[in-house]
Amino acid sequence: MNRSGLNANGANKPKIKLKIKGFAKPPTLPTDFYSKTSELLLKSSRSLLKAEPITETRESLYRNVEDCCVHKHSQALYTSLQDLISEHCRTHILPSLQSFITSQNFTLSSLSSPSSASTQAPLFLSLLTQLWSSHLSSTTSLRSIYLYLDRSWSTSAYYVGQVIL
């Protein structure tokens, strides 16, 4: 066959028409789609907050967030993530600060006395800096995974007037 559309005998080649048919029944989500996906996302998010390794790739987690947003589970996902971060701060960050305060008899009024301030303030600031940098690192990682949620739902919820704090 040559480029002109003729076959070896010199006759025109019959044209084949391709018909694309739609689905007889539109595809549907599994009934447990959101529960399984959110469970996986929250498990991975919890691991990231604790600076533990995650089993899924960040790309697959991002795709799961995107799928949740596309299928109108954005608000539930946002609320779950917000609760998870609040829980992490209450159960991991706050107890670290409280244990330092109780072990060192640290009070804000003790910072005013020169003798105790010189020993306690640097230790407290060092602990606070360590906790903050760890929290900042983990939330930056979470943001890269939940970026689709941030770009699609959070901004629209803000402009519509919903409280997203």
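How are α1 and α2 oriented to each other?

1. Basis of the note. The structure is a predicted model, in which local features need pLDDT of at least 70, side-chain atom pairs count only at pLDDT 80 or more, and totals for chains, interfaces and linings use all residues. Residues are numbered from 1 along each chain as its sequence is written, and side-chain values use heavy atoms, with hydrogens and water left out.

2. Helices α1 and α2. The two helices pack at an angle of about 135°, with their axes 10 Å apart; axes are lines fitted to C-alpha atoms, for helices over the stretch in contact, and angles run from 0 to 180 degrees between N-to-C directions. α1 and α2 are therefore oblique to each other. Angles under 35 degrees count as roughly parallel, over 145 as roughly antiparallel, 65 to 115 as roughly perpendicular and the rest as oblique. Helices here are DSSP runs (H or I, at least four residues), numbered from the N terminus.

3. Handedness and contact of this pair. α1 passes α2 in a left-handed crossing, meaning that the near helix is turned anticlockwise from the far one by less than a right angle; clockwise would be right-handed. On the α1 side the contact includes Phe33, Tyr34 and Thr37, and on the α2 side it includes Arg58, Leu61 and Asn64. Contact means heavy atoms within 4.5 Å.

4. Helix α2 itself. At 1.5 Å a residue, the 13 residues of α2 (residues 58–70) should span 18 Å, and the end C-alpha atoms are 18 Å apart, which agrees. The expected span is 1.5 Å times one less than the number of residues. Leu61, Asn64, Val65, Cys68 and Cys69 of α2 are buried (under 20% relative accessible area, with exposed over 50% and partly exposed in between; 1.4 Å probe, protein chains only). Just after α2, Lys72 takes a positive phi of about 65°.

5. Helices α1 and α3. Helix α1 (residues 33–49) and helix α3 (residues 74–104) pack at an angle of about 30°, with their axes 11 Å apart. They are therefore roughly parallel to each other. The contact involves, among others, Leu41, Leu42 and Leu49 of α1 and Leu77, Leu81 and Ile85 of α3. α1 passes α3 in a right-handed crossing.

6. His135. This residue lies in helix α4 (residues 114–145). His135 is buried, with a relative accessible area of 16%. Not counting residues up to four places away in sequence, His135 touches Ile85, Cys89 and Ile93. His135 and Leu49 are 86 residues apart in sequence and 7.1 Å apart in space, C-alpha to C-alpha.
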